[in-house]
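Please look over the sequence and the fold before reading on.

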Amino acid sequence: MVNASTQSEAGDKQHSDCLHVENAALRLIARAEQCAGGLSRKLKKRGYDKYSVNSVIEKLCDLQLIDDNRFARLWLESRLHLTRSPKRLLISLCARGIDRDDAEAALRNVLDADVENALLVRFAKKYARKFKSEDSRSLKYFLRSEGFSSGAICEYLDGEL
């Protein structure tokens with residue numbers, strides 16, 4: 001039979017563990033926006049136990065200190081100047097722990113027509129040299145496979161021809 005003092009000590013230790021995890025999590029959040037999955041991985045990698053990490057992540061989500069949708073939007077916006085395709089941006093977001101549906105929704109919200117067109121122009125200029133100038137069909141399929149919309153591709157190709 002477990003006595004009351006042993007139960008109290010176990011509860012105190014769990015509370016103490018959660019405080020340590022919370023402090024570590026808040027330090028990471030203070031440095032940069034975090035997503036739940038990424039923050040959880042970082043904390044577990046630092047040796048914190050799964051139960052404490054999950055409890056703290058849940059609490060921080062409830063307090064809106066962690067918001068995967070906000071993280072996805074900000075992460076995407078910070079990378080739009082790079083020469084990446086929508087497909088590669090989506091893969092990178094998912095690799096950071098963002099749910100695929102949430103990542104796709106964030107991508108749709110961030111990539112309006114003007115932003116997508118600018119991204120496509122940069123991306124196509126980087127990769128178009130792999131295609132012969134008369135081979136716009138292959139370039140079109142390549143751009144489509146990289147997640148660009150048909151409308152943006154047609155607009156780009158019409159401007160290039």
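A residue is called buried under 20% relative accessible area, exposed over 50%, and partly exposed in between. Because Arg-100 has a relative accessible area of 46%, Arg-100 is partly exposed. The model is predicted, and every value below is computed from it.

**Salt bridges**

The count of salt bridges comes to five.

| Pair | N to O distance |
|---|---|
| Arg-70 and Glu-33 | 2.8 Å |
| Arg-73 and Glu-77 | 3.9 Å |
| Arg-100 and Glu-104 | 3.2 Å |

Arg-70 and Glu-33 form a salt bridge. Arg-70 belongs to helix H4 (residues 68-79), while Glu-33 sits in the loop between H1 and helix H2 (36-45), so this pair ties together parts that are 37 residues apart in sequence. Arg-70 is partly exposed at 23% relative accessibility, and Glu-33 is partly exposed at 29%.

The other two tabulated pairs lie within helices. Glu-77 and Arg-73 are both in helix H4, four residues apart, about one turn of the helix. Glu-77 has a relative accessible area of 42% and Arg-73 one of 35%. Arg-100 and Glu-104 are both in helix H6 (residues 100-110), again four residues apart, about one turn. Glu-104 is partly exposed, with a relative accessible area of 27%.

**A buried glutamate**

Where is Glu-146 placed? Glu-146 is in the loop between helix H8 (136-145) and helix H9 (150-160). With a relative accessible area of 5%, Glu-146 is buried. The side chain of Glu-146 makes a polar contact of 2.9 Å with the side chain of Arg-88. Leaving aside residues up to four places away in sequence, Glu-146 touches Ser-85, Pro-86, Lys-87, Arg-88 and Phe-123.

**Cysteines**

The disulfide count is zero. Cys-61 is in no disulfide: the nearest cysteine sulfur, that of Cys-35, is 9.6 Å away, whereas a disulfide requires two cysteine sulfur atoms within 2.5 Å. Cys-61 is partly exposed, with a relative accessible area of 30%. Cys-18 is buried, at 17%.

**A nonpolar patch**

Leu-26, Leu-63 and Leu-65 make a nonpolar surface patch of about 250 Å². Leu-26 is found in helix H1 (residues 4-31). The relative accessible area of Leu-26 is 33%, so Leu-26 counts as partly exposed.

Definitions and conventions. Residues numbered from 1 in each chain as written. Predicted model: local features only at pLDDT ≥ 70, side-chain atom pairs only at ≥ 80, totals over all residues. Heavy atoms only, no water. Patch = residues over 30% accessible without salt bridge, like charges linked within 9 Å, V, L, I, M, F, W, Y side chains within 5 Å. Areas by Shrake-Rupley, 256 points an atom, 1.4 Å probe, with all protein chains shown as cover. Salt bridge = Lys/Arg side-chain N within 4 Å of Asp/Glu carboxyl O. Buried < 20%, exposed > 50% of the residue type's maximum accessible area, 1.4 Å probe, protein only. Polar contact = N/O pair within 3.5 Å; in protein donor to acceptor, adjacent residues only side chain to side chain. Contact = heavy atoms within 4.5 Å.
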